[in-house]
Every structure is written in structure tokens, then in C-alpha cells.
Amino acid sequence: GIDEVKAKEIIERVEQSYTAYQKIIEDYINRLKRSIIAEYPLTEKDTEILDKIKRRHGFENNSHAKQKLEEKEYEIYEGFINLDTLQDMLQKHQWKSAAYLTQELMYKEAGRSTERWLRKEDVAKLTESFLPQLDQLWIEYSNGYFGFSIQKEIYLDKAGTPEYWDSVWNDFNDAVGWRKNVNFLNFGQLSFSLNDRGQLPY
């Protein structure tokens, strides 16, 4: 297994990559805002995002989206871009980066980026909309090895019920590779391998 020092180094590298990624996203959103307002020619990617904006807010056309953006009646939803990035990572089987991005997206969507943990009500809110989108991407690009639905399937196989049972929790953690030799693993100690079905998202 990976020791604590090595695991910490891995986590720090992933966090640094995510910080750099966030800067890229912020720069992209600012550029896209300028392009929409100035009516510059849009790239194919820009057009996809703008189409999502129009559907999300019920805008009739590009001019309507431009007007409302100028009036500061909406902000460009970062999740549109983040989900595309997550999909790209999963397509390339970059499991570690995708797992970290998934965590960050869930915290941000639930408004818990500072706390960095989710309450029961946060999970319930995410389940209504955001989690199914994440789950679908993970299942599709891992060929059914990773995903929230896969984790639920494994837990139900152990418990026979969706209710939480302390007696089953350790067995579940062993099954998905979150625990090795009775020790719970942190993010940097995970295998990020398809051999541990259901290990991700973490």
C-alpha cells in the first residue's frame, strides 16, 4: 500500500492541478462573456455552452442571452464547462483527476466548498439533479465498474436494504477498496484501478 507521506504528496499534486484548472475555467468564462457581449464569432465549444445557457434560462436567441448578460441578470453556469471537462477525463481514463474533480463539483453544487463535506440534506438535493449526471458519465466511461449506482448495488448486495447498517459498512468499504487490512484509506491511497469495482467516485 501507499504510506501517508506518499499519499499526501499525491493529494497535493492533484489539488495543485485542480487550482490551475479552475484558473483556466475562470479565464474561459470571462472570455466567453466578452465574446457574447461583443458578438464575436464563437467557436464550436462556445456555441455548445451558449446553447446550454439559452435552454437553462429560457432565452429565445443569442441576442436575448447577450442582453441579459449585459444586464447582469445571470452568470454563466460553470457546471456546463466542468461536466464537459469531467467527461474528457473519464474518456481518457484519468480516474484520479476525474475523482477529484467530481468531489469538487459536488461540494460546489451543494454550496459546501469551504466545509468540504456533505450533509444528508446536501446529498438529497444533489440526487435530484446533479448526481445522476455524474453517475451516468462514470458508468459509461468505466463500462459499469465505477459510479454511484454501482456503489449502491454493492451496498445493497451486502445489506439487502438501502438503510444504513454499521455492521455492513466495513464490509462495503472492503468491497470497494476504501479499506485495506482494517485500515480506512484516504484519497491518495486509493488504487484508482478497475480491479476495485465501485471504488470511484470517492
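Biologist: At a relative accessibility of 17%, does Lys-54 count as buried or exposed, and how should I read that label?

Modeller: Buried means under 20% relative accessible area, exposed over 50%, and partly exposed in between (1.4 Å probe, protein chains only); Lys-54, at 17%, therefore counts as buried. This is a predicted model, in which local features need pLDDT of at least 70 and side-chain atom pairs count only at pLDDT 80 or more, while totals for chains, interfaces and linings use all residues. Residues are numbered from 1 along each chain as its sequence is written, and side-chain values use heavy atoms, with hydrogens and water left out.

Biologist: Which side chain meets that of Lys-54 in a salt bridge?

Modeller: Side chains of opposite charge can pair when their charged atoms come close. A salt bridge needs a side-chain nitrogen of Lys or Arg within 4 Å of a carboxyl oxygen of Asp or Glu; here Lys-54 meets Asp-51 at 3.4 Å, N to O, and Asp-51 is partly exposed, with a relative accessible area of 29%.

Biologist: How many salt bridges does the structure hold?

Modeller: The structure holds 16, including one between Glu-71 and Lys-68 with the closest N and O atoms 3.9 Å apart; Glu-71 is partly exposed at 40%, whereas Lys-68 is buried at 19%. Another links Glu-121 and Arg-119 at 3.6 Å, N to O, and salt bridges that share partners join Arg-112, Glu-115, Arg-119, Glu-121 and Asp-122 into one network.

Biologist: What does Ile-53 touch, not counting residues up to four places away in sequence?

Modeller: With contact taken as heavy atoms within 4.5 Å, Ile-53 touches Phe-59, Tyr-74, Ile-76 and Phe-80 under that sequence limit.
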